Amino acid sequence: MDAEAAKYIGAGLACLGMLGAAIGVGNIFGSFLEGAMRNPSAAQGQFGNLIFGFAVTEALGIFSLLIAILLLFVV
Amino acid sequence: MASDPMHQFQIAPMIPMELAGYDVSFTNASLFLVLGAALPAAFMLASSAKAALVPGRMQTLGETAYGFVYNMLYSSAGSDGVKKFFPLVLSLFLFIFTVNMVGLFAYNFTPTSQIIVTAMMALLVFFTVIIVGFAKNGLGFLKLFVPSGIPWPLYIIVTPIEIISFFSRPLSHAVRLWANILAGHILVKVFAGFVPMMMDAGPLGTVGAILPFVMTVALYALETLVAFLQAYVFTMLTCIYLNDALHAADH
């Protein structure tokens, strides 16, 4: 297998890492909504934590996208 | 017209200059770095120019930005964190936010899409934490790696994990901002490149080119959100790490 083909296959495989990140992000917002339905008045105060947790989790998915982009455009 | 999505990240000299064999040209990256410093400064100066007890519109904007970052730092690091680090944290937030937003416009260059810019900011925070941590806590700073309230045999596992996670902080701190901005900009360019590509495919393609166009607009909305969010997350993590530096002995 030559290097060009391996690059494209690697880029495709790297995108599979976003599966875990997607599940994690859905988890965060789902838990927030569940908690907010039980205690709506306290929900607004936790909005900062929600956004922070979302961004930190999404970062891991973006790391895997970064590997795919690096393989496609930089190597 | 380059439809290559990586073309936007090229650094082109605007005013070529040379100093002792080194290329110190004023590039497009330099221009936007200067804008990232000058625009927030001008904004804050303008909002405090006619300081009144009942704020006018400009002052309200400045106070919103100031209060937002102040509350972020106060809730993480407490009042001594605010006393020591508020100028640093406000500068970081306003710089990243301005540079991300300005870079969204066409033909503009985004400095935070270069790893060197985000890595330098993350290393700045990292070394500030280490230096201030040792200066303020002495060797008690190492209590950061030995959290209290754990049965002693677990320390053999927990302490190496804590040390590794401490040293991986600047890496994830830098790469999070970099990868988000880089990936977002590439995504926008790829979808925008589909529009002329479809228009080249005859009349049916020209009608269908509305689809990638709408997608590009939607991606721009997402990118605006990401620009603010990444500035917020970078600053939030900075506040948390600075709190670790100041209050390491409380672990």
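Two residues are taken to be in contact if their C-beta atoms, placed from the backbone, lie within 7 Å. With that criterion, let me begin at one position in chain B. Setting aside neighbours within four places in sequence, Ile96(B) is in contact with Thr112(B), Leu177(B), Gln230(B), Ala231(B) and Phe234(B).

Before going further, a word on the source. This is a predicted model, in which local features need pLDDT of at least 70 and side-chain atom pairs count only at pLDDT 80 or more, while totals for chains, interfaces and linings use all residues. Residues are numbered from 1 along each chain as its sequence is written, and chains are lettered from A and ligands numbered from 1 in the order in which they are written.

I turn to the overall layout of chain B. Chain B contains seven helices and four strands; helices (H or I, at least four residues) and strands (E, at least two) are DSSP runs, numbered from the N terminus. Along the sequence, the pattern of chain B reads β-β-β-β-α-α-α-α-α-α-α. The C-alpha trace of chain B spans about 75 × 55 × 45 Å along its principal axes. Among the contacts in chain B with a separation of 6 or more, 65% join residues 24 or more positions apart. Of its 251 residues, 30% count as buried. Here a residue is buried if 20 or more other C-beta atoms lie within 10 Å of its own, exposed if 12 or fewer, and partly exposed in between.

Next, the interface. On the chain B side, 13 residues are in contact with 11 residues of chain A. The elements of chain B that give two or more residues to this side are α5 and α7, and α5(B) gives the most, with eight residues. By class, the side of chain B that touches chain A has 10 nonpolar, two polar and one charged residues. For these classes, Ala, Val, Leu, Ile, Met, Phe, Trp, Tyr, Cys and Pro count as nonpolar, Asp, Glu, Lys and Arg as charged, and the others, Gly among them, as polar.

Chain A itself has a mean pLDDT of 92, with 100% of its residues at 70 or more; pLDDT is the predictor's confidence in each residue, from 0 to 100. Within chain A, confidence is lowest in α4(A), at a mean of 89, and highest in helix α2 (residues 18-38), at 95.

How do the helices of chain A cross? The axes of α1 (residues 3-14) and α4 (residues 47-74) of chain A come within 8 Å and cross at roughly 170°. Axes are lines fitted to C-alpha atoms, for helices over the stretch in contact, and angles run from 0 to 180 degrees between N-to-C directions. That crossing makes α1(A) roughly antiparallel to α4(A), a label for angles over 145 degrees, with those under 35 roughly parallel, 65 to 115 roughly perpendicular and the rest oblique. Lys7(A), Gly10(A), Ala11(A) and Ala14(A) of α1(A) make the contact with Ser64(A), Ile67(A), Ala68(A), Leu71(A) and Leu72(A) of α4(A). Those residues divide into six nonpolar, two polar and one charged.

The axes of α2(A) and α4(A) likewise come within 8 Å and cross at roughly 170°, and these two helices are therefore roughly antiparallel to each other. Their contact includes Met18(A), Val25(A) and Phe32(A) of α2(A) and Leu50(A), Phe54(A) and Ser64(A) of α4(A). It divides into 10 nonpolar, five polar and one charged residues.

I close with two loop residues of chain B. Ala20(B) lies in the loop between β2 (18-19) and β3, and its phi is near 55°, a positive value in a residue other than glycine. Because it has 5 C-beta neighbours inside 10 Å, Ala20(B) counts as exposed. Tyr107(B), in the loop between α2 and α3, has a positive phi of about 70° although it is not a glycine. Tyr107(B) is exposed, with 6 other C-beta atoms within 10 Å.
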